[in-house]
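Me: Before we go through the labels, please show me the model, and then I will ask what each label rests on.

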Amino acid sequence: MYYRKLGSTGLAVSEIGFGTIPVLQGSVPVLPAYFNLSQDQAVAVMEHAFRLGCNLFDTAIVPEYGDAEVKLGKFAAAVGRQRIIISDKARFYDGNEMYMAVLASRKYLDTWPDIYFVHQADPRHEDELFRPGGALDSLCQLKKEGLIRFTGVASHYYDILLKAALDPRVDVLQGSGNLLERGMLDRIREESCFRHKGLLVNKVYAAGILPRFFPAETLVKAVLSYPISSALIGIGSMAQADAAMARDTAQDTCQAPVPSFRQVLSRLEKEFTPIPCCRCQRCRCPYGIEIHTIFRQYNYYFLGKDHWALGKLKLDIEASAGLCRTCTDMPCLPLCPTSIRIPMEMERVLELVRAHTW
């Protein structure tokens with residue numbers, strides 16, 4: 001295992017971080033490989049990853065991640081709290097709610113979180129998050145009181161991560177990206193302001209769908225080729241820990257170069273015709289349609305997440321496609337780096353949804 005600086009925090013984190021979603025017990029299978037581990041089993045898997053060199057363990061508050069937070073606390077006590085770094089998060093944007101969430105997390109963990117993130121920050125809650133007295137200010141207060149060590153913002157939206165990167169209150173960022181959805185990572189690499197923040201990257205396996213097409217080593221190496229601190233991998237078994245951590249990806253033991261975006265599409269084209277969207281989020285819709293999200297859900301339908309993707313798409317695809325059909329300005333088209341014919345692809349998505357839900 002190799003280690004990288006976590007921005008300006010003074011911490012060094014393992015290049016591969018342990019995502020704890022798969023170790024939870026609950027009623028909703030949140031990953032394709034859902035293990036539903038007991039406490040002893042979960043601790044054993046985390047101990048195995050620790051022996052492989054992993055020192056960063058990422059979780060979220062109960063009940064969002066089931067009992068993963070509790071299990072992580074048991075593991076921390078077993079191996080020695082000072083030997084690991086705990087990354088935690090909660091989906092609250094109001095300052096008072098975030099303050100109480102951190103207190104709850106400390107109770108469930110039975111220890112302190114090193115980093116605490118505002119989880120899944122999105123445009124609807126952006127103002128509330130960053131405003132005086134919002135969740136970010138609350139995290140700063142908790143840091144001042146010694147209840148957490150560092151503050152963080154986690155988001156799937158580039159503009160929010162950029163705003164957080166420019167905000168002196170934020171210590172660490174958490175975003176998403178992988179071999180296919182690399183657009184946001186490409187933009188982060190171009191912006192110098194991100195160099196001063198720690199950066200954790202999740203969705204490296206794209207919710208577990210990409211390992212069917214590419215080896216885990218290739219997927220991890222692709223993300224580590226960017227200027228990030230750690231790649232977070234959801235792990236629910238010792239075999240998964242071995243696949244993600246046992247190889248020295250940072251030192252090019254895998255000699256093959258990282259596949260280009262075009263090569264990734266070519267591999268997927270053996271099974272379906274993907275929309276060539278890298279989720280760079282440069283497309284700007286005057287009606288507020290999240291074009292990149294719709295295209296992601298379309299591709300995920302064919303990549304094994306069919307029920308989830310259809311459930312999301314049918315919520316607004318009729319209205320979105322209708323607005324796209326009547327738009328005359330089309331400001332999104334010249335901004336797309338892969339020259340997607342966005343109105344035509346929106347119709348293709350609509351046809352898929354109609355064929356399977358009506």
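Me: Where does Ala206 lie?

Reply: In this predicted model, in which local features need pLDDT of at least 70, side-chain atom pairs count only at pLDDT 80 or more and totals for chains, interfaces and linings use all residues, Ala206 lies in the loop between strand E9 (198-202) and helix H8 (216-224). Residues are numbered from 1 along each chain as its sequence is written, and side-chain values use heavy atoms, with hydrogens and water left out. Helices (H or I, at least four residues) and strands (E, at least two) are DSSP runs, numbered from the N terminus.

Me: Why is Ala206 called buried?

Reply: Buried means under 20% relative accessible area, exposed over 50% and partly exposed in between, with a 1.4 Å probe and protein chains only. Ala206 has a relative accessible area of 2%, and is therefore buried.

Me: Why is Ser339 called exposed?

Reply: Its relative accessible area is 58%, so Ser339 is exposed by the cut-off of over 50%. Ser339 is found in the loop between helix H13 (317-326) and helix H14 (342-357).

Me: What is the phi of Ser339?

Reply: Ser339 has a positive phi of about 55° although it is not a glycine, whereas most residues other than glycine have a negative phi.

Me: Which residues does Ser87 touch?

Reply: With contact meaning heavy atoms within 4.5 Å, and not counting residues up to four places away in sequence, Ser87 touches residues including Leu56, Phe57, Ile115 and Leu200. Ser87 itself is in strand E5 (residues 85-90).
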